[in-house]
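I opened the model today and kept notes as I went. The entries follow in the order I looked things up.

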Amino acid sequence: MDYVELIVHTCTSGSDEVSDVLMEAGASGTMIEDRADIPDPSKPHGIWEIIDPKLLDSMPEDVLVHAWFEENASLPSLLETISGRLAALKETAGDFGSLRLETRSVNDKAWSDVWKKYFKPFYAGDHLVVKPSWEPFEGQPDDKIIEIDPGMAFGSGTHETTGMCLSILEENIRGGEEIIDVGTGSGILAIGAALLGAGHVLAVDIDQDAVKVADENVKKNHVENIVTVQQGNLLEKVDAVCDICVANIISDVIISFAAPLMNHIRPGGLFICSGIVSLRGDEVAAALLDAGYEILHRYTRGEWTAFLSRRNA
């Protein structure tokens, strides 16, 4: 299948909203290319391994939001709609950069390879290491290595939101917990939870491609006896309950399902949520409190926020 790749020129503060516009328009996936996400090799950073010094030089000055759409007859109308929504962003108070839009044709392989040069092994917690299959890594004896190839699904672990979720899981899994990973994407959080000692993990995603990638990654990491990957909407098709629910999605979804999600979390159970641009952190916090959660901790990395909360009895 052929795709059209849309590239929007923006800035760090505007990249999340631009990505939301593209996803709401029906993008099969998005990727944010931002120099700020690559640590300066001359300044050691705690969670990163070796970074090629040439990588920063190859990064564009603008923040680029890449999105992929199936190539079909409705594409011209779709491009017009997206252009209109981007123009509307310029009328708001936020800083969105130029919002210049580019298009190019790509195939499946080009899409799935585009991020490879930026994906290197790194520590997502004290002992959780994330690495792609094509990169060698020699860890420490206590390290738990997640080998992940995201393919067309979001979740390589390099993004702050995924990294925060993995770190929070490492801090809170004691062993034997039942866990639900909502919007599993590549399956990285479900795999991490399994390696950390979870008793069972249900990894749920609406997207068929994500489910396929997650299932492959689960098998690659030999945790298929712990992780079950399922396609569907958690609130409509799943009856499972858990001790810990983790959702690395977007603010609007977290706000809308925080209350009904309680039916899937045992009293006293934990809810870890991220994918929240920090400007909307207070809004998400209010939704969690209104739904009856106790917020245990608020985390921030870069432009992103995550919450650890507990369902009250």
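**Entry 1: strand 8 and its sheet**

I began with strand 8, which runs parallel to strand 9 and is joined to it by five bridges. Strands here are DSSP E runs of at least two residues, helices are H or I runs of at least four, and both are numbered from the N terminus. I count two strands as paired if DSSP finds at least two bridges between them. The model is predicted, so I noted the limits: local features need pLDDT of at least 70, side-chain atom pairs count only at pLDDT 80 or more, and totals for chains, interfaces and linings use all residues. Residues are numbered from 1 along each chain as its sequence is written, and side-chain values use heavy atoms, with hydrogens and water left out.

Isoleucine 179 sits opposite valine 201 of strand 9. I then looked at strand 11 (residues 242-248), which pairs with strand 8 (residues 178-182) in the parallel sense over four bridges. There, isoleucine 180 has cysteine 245 of strand 11 as its bridge partner.

Is strand 8 enclosed or open? Four of its five residues are buried, so strand 8 is largely enclosed by the rest of the structure. Buried means under 20% relative accessible area, exposed means over 50%, and partly exposed is in between, with a 1.4 Å probe and protein chains only.

I found an open sheet of three strands, ordered 5-6-7, with mixed pairing. Strand 5 (122-123) and strand 7 (144-147) are its edge strands, each pairing on one side only. Strand 5 pairs with strand 6 (residues 128-131) in the antiparallel sense, over two bridges. Tyrosine 123 has valine 129 of strand 6 as its bridge partner. Helix 6 lies across strand 6 and strand 7, at about 155° to strand 7.

**Entry 2: cores**

Which residues have the most contacts inside the largest nonpolar core? I get Val130, Ile146, Leu166, Leu169, Val201, Val227 and Ile272, in a core of 39 residues. Helix 6 (residues 188-195) gives the most to this core, with six residues. A core here is a set of buried Ala, Val, Leu, Ile, Met, Phe, Trp, Tyr and Cys residues joined through side-chain atoms within 4.5 Å.

I checked leucine 169. Leaving aside neighbours within four places in sequence, leucine 169 is in contact (heavy atoms within 4.5 Å) with Leu189, Ala193, Leu196, Ile244 and Ile272. Another core, of 25 residues, lies apart; Val238, Ile276, Val284 and Tyr293 are among them.

**Entry 3: cysteines**

I searched the whole structure for disulfides and found zero. The test is a pair of cysteine sulfur atoms within 2.5 Å. Cysteine 242 counts as buried, at 0% relative accessibility. Cysteine 273 is in no disulfide either; the nearest cysteine sulfur, in cysteine 165, is 8.0 Å away. Cysteine 273 is also buried, with a relative accessible area of 0%.

**Entry 4: loop residues**

Glycine 185 lies in the loop between strand 8 and helix 6. Glycine 185 is buried, at 7% relative accessible area.

Leucine 99 is not a glycine, yet has a positive phi of about 60°. I place leucine 99 in the loop between helix 3 (75-90) and strand 4 (101-107). Leucine 99 is buried, at 7%. Histidine 222 also has a positive phi, near 60°. Histidine 222 is in the loop between helix 7 and strand 10, and is exposed at 64% relative accessible area.

Notes. Axes are lines fitted to C-alpha atoms, for helices over the stretch in contact, and angles run from 0 to 180 degrees between N-to-C directions.
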